[in-house]
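Please keep the sequence and the structure at hand while reading.

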Amino acid sequence: MRILVLVVTYNEAANIRRLVTEILTHLPTANVLVVDDNSPDGTSDVVRALQAGDSRVELVTRTTERGYGSATMAGLRRGIRDGYDVIATLDADFSHDPADLPRLIEALSAADVSVGSRYRDGIRVLNWDVRRLLLSLAANAYVRVLTGLECVDCTSGFRAYRVSALRTLTLQRIASTGYAFLPELLFELGGVRIAEVPVCYTERRIGESKMRKRVIAEAMMRPWVLLGRRIIGPRHRQSRA
């Protein structure tokens with residue numbers, strides 16, 4: 001099984017070297033693709049230095065586009081094009097523990113998508129205040145009601161996908177550029193088997209959050225577009241592994 005671990009970055013120079021090292025420690029046969037939005041802090045330069053010493057490290061530096069969703073789509077397209085069997089995604093700030101990657105991959109033995117879930121079988125979040133936790137829980141409930149998704153943590157970006165499932169997508173239908181991309185991708189994968197793997201989420205210690213007002217506004221509005229698709233198009237269904 002050929003595995004690609006996709007990491008989307010913007011100003012993560014302080015984290016990326018250690019993150020790539022830990023990913024390859026836990027998945028030594030995998031490759032790591034970093035898609036960087038031309039970070040002014042030199043993230044791409046750090047990755048190029050890693051590339052020089054390890055053929056498992058790949059880099060795409062985007063100079064004309066911005067955004068988490070579009071960067072992730074670029075990475076998924078690259079992984080599909082290059083013939084990988086599995087593509088895993090995680091954040092660059094260590095909010096997702098690379099040690100959990102093997103469990104996500106293992107869960108694909110009975111699923112098409114595995115999701116590292118903060119809220120399956122309890123709540124596992126560190127260093128968040130109560131307000132932020134309630135906002136996250138409410139956001140997931142909001143998305144589930146409008147989209148019909150059954151996944152408890154449908155806004156988690158810690159995932160692994162079978163490429164055979166991704167090939168069924170019409171990628172051009174996914175228009176979200178920010179974090180609204182995450183539930184939209186699950187919605188467009190309607191009908192696939194999804195396994196939620198309980199993980200612990202830890203708030204970043206280094207760097208700044210990428211959540212901006214525009215990103216939040218898109219996350220609030222995009223589920224209504226998906227509701228429209230539910231009403232006028234084929235119903236999207238999922239089975240839980």
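Leaving aside neighbours within four places in sequence, Arg 103 is in contact with Val 197, Pro 198 and Val 199, where contact means heavy atoms within 4.5 Å. This is a predicted model, in which local features need pLDDT of at least 70 and side-chain atom pairs count only at pLDDT 80 or more, while totals for chains, interfaces and linings use all residues. Residues are numbered from 1 along each chain as its sequence is written, and side-chain values use heavy atoms, with hydrogens and water left out.

- Arg 103 is found in helix α4; helices (H or I, at least four residues) and strands (E, at least two) are DSSP runs, numbered from the N terminus.
- With a relative accessibility of 33%, Arg 103 counts as partly exposed, a class that lies between buried (under 20% relative accessible area) and exposed (over 50%), computed with a 1.4 Å probe on protein chains only.
- Arg 103 and Ala 160 are separated by 57 residues in sequence, and their C-alpha atoms are 9.8 Å apart in space.

**The chain as a whole**

- The chain has eight helices and ten strands, and its C-alpha trace spans about 50 × 40 × 35 Å along the principal axes.
- For 241 residues, a compact globule would have a radius of gyration near 18 Å, and the 17 Å of this chain agrees with that; the radius is taken over C-alpha atoms, and the globule rule is 2.2 Å times the number of residues to the power 0.38.
- Buried residues make up 54% of the 241 residues in the chain.
- Of the contacts with a separation of 6 or more, 80% are between residues 24 or more positions apart.

**Nonpolar cores**

- The largest nonpolar core has 33 residues, of which Val 5, Val 7, Ile 16, Leu 19, Val 20, Ile 23 and Val 32 touch the most other members; such a core is a set of buried Ala, Val, Leu, Ile, Met, Phe, Trp, Tyr and Cys residues joined through side-chain atoms within 4.5 Å.
- At least two residues of this core come from each of β1 (3-9), α1 (13-26), β2 (31-36), α2 (43-53), β3 (57-61), β4 (86-89), α4 (101-107) and β8 (193-198), and the largest share, five residues, is supplied by α1.
- Not counting residues up to four places away in sequence, Val 20 touches Val 32, Val 34, Leu 50 and Val 57.
- A second, separate core of 32 residues includes Tyr 84, Val 143, Phe 181 and Val 192.

**Aromatic rings and charges**

- The count comes to two aromatic pairs, under a rule by which rings of Phe, Tyr and Trp (its six-membered ring) pair if their centres lie within 6.5 Å, with planes under 30 degrees apart counted as stacked, over 60 as edge-to-face and the rest as tilted.
- The rings of Tyr 68 and Phe 181 have centres 6.4 Å apart and planes at 70°, so this pair is edge-to-face.
- The pair links distant parts of the chain, since Tyr 68 is in helix α3 (residues 68-81) and Phe 181 is in helix α7 (residues 181-188), 113 residues apart.
- Tyr 68 is buried with a relative accessible area of 13%, and Phe 181 is also buried, at 0% relative accessibility.
- The charged end of Arg 2 sits over the ring of Tyr 84, 4.2 Å from its centre, and that of Arg 18 sits over the ring of Phe 94, 3.9 Å from its centre; the rule asks for NZ of Lys or CZ of Arg within 6 Å of the ring centre and within 35 degrees of the ring normal.

**Cysteines**

- The count comes to zero disulfides, a disulfide being a pair of cysteine sulfur atoms within 2.5 Å.
- Cys 151 is in no disulfide, and the nearest cysteine sulfur, that of Cys 154, is 5.8 Å away, which is too far for a bond.
- Cys 151 is buried at 3% relative accessibility, as is Cys 154 at 0%.

- Asp 112 is placed in the loop between α4 and β5 (113-117), and is buried with a relative accessible area of 15%.
- Apart from neighbours within four places in sequence, Asp 112 is in contact with Ala 160, Tyr 161, Arg 162, Ala 165, Val 192 and Arg 193.
- Met 220 lies in helix α8 (residues 213-232) and counts as partly exposed, at 49% relative accessibility.
- Met 220 and Tyr 142 are 78 residues apart in sequence, and 8.7 Å apart in space from C-alpha to C-alpha.
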